[in-house]
Each structure stands twice: as C-alpha cells, then as structure tokens.
Amino acid sequence: MTLPLLVPASARPRRALTVLATLALLLAGSPASPARAADLDRAADVDRAPVDNPYLGATAYVNPEWSARARAEPGGAAVADQPTGVWLDRIAAVAGTPGRMGLRAHLTSALAQGADLVQLILYNLPGRDCNRRVGYGELAIDELDRYRTEFVDPIVAILADPSYAGLRIVTVVEPNSLPNLVTHTSPRPAATAGCDRAKAGGVHLAGIGYALARLATVPNVYAYLDASHHGQLGWSDDGAATAALLHQAATTAGSTPAAVHGFTVNVANYSVLREPYLDADDVVHGQPVRETPWIAGNAYVDELPYARQLRQHLVAVGFSTRIGMLVDTSRNGWGGPARPTGPGPSTSAEEYVEAGRTDRRGYLGNWCNQVGAGLGERPVAAPEAGIDAYAWIKPPGESDGASDVLGANRPYEPMCDPTYRPHLFPTVTSGAMQNAPQVGEWFPPHFRQLLANAWPPL
C-alpha cells in the first residue's frame, strides 16, 4: 500500500515560522549557539528511537533558500513547499557563507518549521567526481586528512548536538564517487587518469568509510550510500562489481555494513521510474530492443527495476535485508507535449524504442541540464516495496554545470556544452540547455521547463 506523503512542515498547523519568515530571520543573523528545544517549540511526539524507514510519518524540512527561489518563479508556488536536499559540497558550506545558511542554521530552521526529517548530501571527497571537470571539488586527491578533520568531523559534531536529537537526519554520502570507480577505471573504455588514481590510492574508499563510521556515532542519523543510476551501471558486468565496491567502502576506515541504512539511485539524474510503453525484454521482429542504439545492451530501460535488482546484489554481498532505497525523482518526469501516449510502431525495434520511450535523452549518459526534462513524482514515503522514499535530493532549478567557458571559476565540462557529442554515442549531442550558470547556481529557464514538463502534471 502506498503510504502517506512525507509531509512538508508548512502543511501542518504548528506554531512555527513560515518558510520565508525563517529565511529572513536566519539571513538577518541567527545565533551560532545550539538551538534550545523550548525556544523552537519542538513537537512533543517526535520519535527519537531509530526507525526502519525514516521517511514514514515524517514532516520533511523545506529548505527556505530553495523555497524562496522557487516561489519567485512563475508557477513556482505550486512546488515551493516541497522538501529538497541540502548539499554540503565544500568546507565553507558547513558553517555557512555570506547570504547562505550553514548546517546549524538549516537544522535550527527545521526545528522552527516543526519538521522532524532533514535531508543532507555530503559531496566533497578529495578528487571528487574524478571523471568530470564540472564536479572538481576544493580538495585535491591527497587531502584526505582535510576531508576528515575540516569537513566530516565538523558535520558530525553539529549533528550530535542534543538540540537536534529529535530530528531524523538522512545523509546521502558522496554521490557519483564510487560508481565512477566502476565505470571510469581501467580497463573500461571510459577510464580516466583521475579515476585510476583515486582507485589505486584508495582515497575514495577511505574517505567514505570514515564518513560512514563517524555518522554512525549519531543515533538519529540515517546514512544512505550512493549507487548511481541504470544509465551508468545498468550493464551485465556492473551490478556485482558495484555491490562489491560499495561493501568494500562500508568495511573500510572503521565502518561496517551496519552503518549503511540504505542506498540512493538517480541522484541529480534524469532516469525515469518506469517506461510505460517499453520493457527491457521486448522483442520486435525478432530483434531484442536491448540491441537498439539507445539502450545499447543495458539490462534496464528505467530506474525502479535497477533499484530492485541492485538491492538484491547488495544483500547478497552482506548488507542487511532491511536496507531501503531512495530514488531521486526531482527531474525525471519527462512530461509535456513530447511525452508519448502509446507504444512505438512495431515496424522495427529501433522505431519502437524511439517513438515509445518517455526518457527523451539522446544518450542514457546525458546528465547536464537536460532539454525537455520535467519534475518527477513528488516526494513520498514507501511508494514501492524496498523503496524508502521518492525524494527530491537534487533541488530542481539548480544548475548541473556551466554551458560554456566563462572564466577561471567556470571550468569547461563537455557534457554541459549543448553542441558536444558524447564520444561513446557521437550521433547525438549532450542534450544540455543553453546559457546555464555554473554548478549549483539558480537556473530559472531550467526550473520553468521542469514545471512545464512535470509528470505527473502539477
């Protein structure tokens, strides 16, 4: 049975500040000292004990910074009260920067809203995203000590503050990093020197293992380890290798598999939950659709089957049978006029796939500011067996990367260039939108497109 929506705090009648009032208060200068529960009117019925699914029955935090930007766009008020992830993507983000809230401010704001669930994304590994220019973080590959002492430790110290003991704190640990060690290391054709170096030195395993071990010391933290999406790891030789690498990370640097509450898929990506008119096992005129150029041998055409199968691999290598999966549905709706209304023609397998697929990317690996994308399923708890939640982990409207070279602080990422043709699929372009700002910045045209192409429709 589908269980209730994970409810934004603003939808419940509590004595809490509104989203915009909270933003104004915090940006005007919130106190740095830990928030007192009485001052912030914490709910008396908060369940402090660890739970199997932290999303069930939870009041999810609405990030007031994202909410204000969304509400300012035409039609944005329809989704401005949805909960989204808070990305901690550099050391300065922990304490906060001028005009931007830090971690403590977000947790305090959650209490003020009457929320009891906060979603955080830790995204600052040394040599981060070793196969992409846009993802380069502030820490070099040899700065693991800084990652531990200046990033992870301060985060854990804040999360352990008793003032926040009533919050369920979901932490998504380092999107992309471990999956890149599967697909972008030798002898794979997409191997990069950066990923080979990260794998050989073990820095990503050590960093993630340390983060998991430290987060596990805080009882109300629920750590989810990232496992990419079917467009990266959906081929036959990927599943077992991915599960083994994730298990290796969970048993490194003092961590154990018990430190991992679950796994995330499709973070900041565009893979649809289900293809309504296409199945990976379809055969047209004797040709399996998997042999067509768009699917290119992938075992999946959509994300839910990938999540379910990967979960089985993960349990098989030693993770708990109780692990849950989170699916990022912030931008995988693919509605609008281009959405098919029925199966493609059966004249050929390729025509069947091209006309019937709802995912309109020219290449499954396209990931940057995609043209035609729409908001996906709204956040909801326990929508499917084994799925803890559909969640908006990537805040809709935040850019995936700059579309061109505009100075030293905006590195050129080919996949964000609308004219670039992926080397593994040179017959199509990257599918990226024009005039995009650098990663993480607000991109109004993309947000408006996501609204227009939302599926289910708003």
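The S-S bond of Cys 130 and Cys 195 has a torsion of about 90 degrees, so this disulfide is right-handed. The model is a predicted one. Cys 130 lies in the loop between E4 and H5, while Cys 195 lies in helix H7 (residues 193-201), so the pair ties together parts that are 65 residues apart in sequence. Both Cys 130 and Cys 195 are buried.

How many disulfides does the count come to? It comes to 2. A disulfide is a covalent bond between the sulfur atoms of two cysteines. The other pair here is Cys 368 with Cys 416. Its torsion is about 100 degrees, so it is right-handed. Cys 368 sits in the loop between helix H12 (349-356) and strand E11 (380-384). Cys 416 sits in the loop between strand E12 (387-391) and helix H13 (444-452). The two are 48 residues apart. Cys 368 and Cys 416 are both buried. In sequence order, the bonded cysteines pair 1-2, 3-4.

| Disulfide | Sulfur atoms apart |
|---|---|
| Cys 130 and Cys 195 | 2.0 Å |
| Cys 368 and Cys 416 | 2.0 Å |

Next come the rings. The whole structure holds 9 aromatic pairs. In one of them, the ring centres of Trp 87 and Tyr 123 are 5.3 Å apart and the planes stand at 90 degrees, so the pair is edge-to-face. Trp 87 belongs to strand E3 (residues 86-88) and Tyr 123 to the loop between strand E4 (117-122) and helix H5 (144-159), so the pair ties together parts that are 36 residues apart in sequence. Trp 87 and Tyr 123 are buried. Lys 394 lies over the face of Trp 87, 5.9 Å from the ring centre.

Elsewhere, ring pairs join Trp 66, Trp 392, Trp 442 and Phe 447 into a cluster. The charged end of Arg 339 sits over the ring of Trp 455, at 4.0 Å from its centre.

Now the core. The largest nonpolar core has 74 residues. Among the members that touch the most others are Leu 107, Phe 151 and Phe 263. Another core, of 19 residues, lies apart from it and includes Leu 117 and Ile 393.

Is helix H4 buried or exposed? In H4 (residues 103-113), 11 of the 11 residues are buried, so the helix is largely enclosed by the rest of the structure. Among these buried residues are Arg 104, His 106 and Leu 107. Gly 114 follows H4, and its phi is positive, near 85 degrees.

Methods:
Residues numbered from 1 in each chain as written. Predicted model: local features only at pLDDT ≥ 70, side-chain atom pairs only at ≥ 80, totals over all residues. Heavy atoms only, no water. Core = buried A, V, L, I, M, F, W, Y, C linked by side-chain atoms within 4.5 Å. Buried < 20%, exposed > 50% of the residue type's maximum accessible area, 1.4 Å probe, protein only. Helix = DSSP H or I, 4+ residues; strand = E, 2+ residues; numbered from the N terminus. Phe/Tyr/Trp six-rings, centres within 6.5 Å; stacked < 30°, edge-to-face > 60°. Lys NZ or Arg CZ within 6 Å of the ring centre and 35° of its normal. Disulfide = S-S within 2.5 Å.
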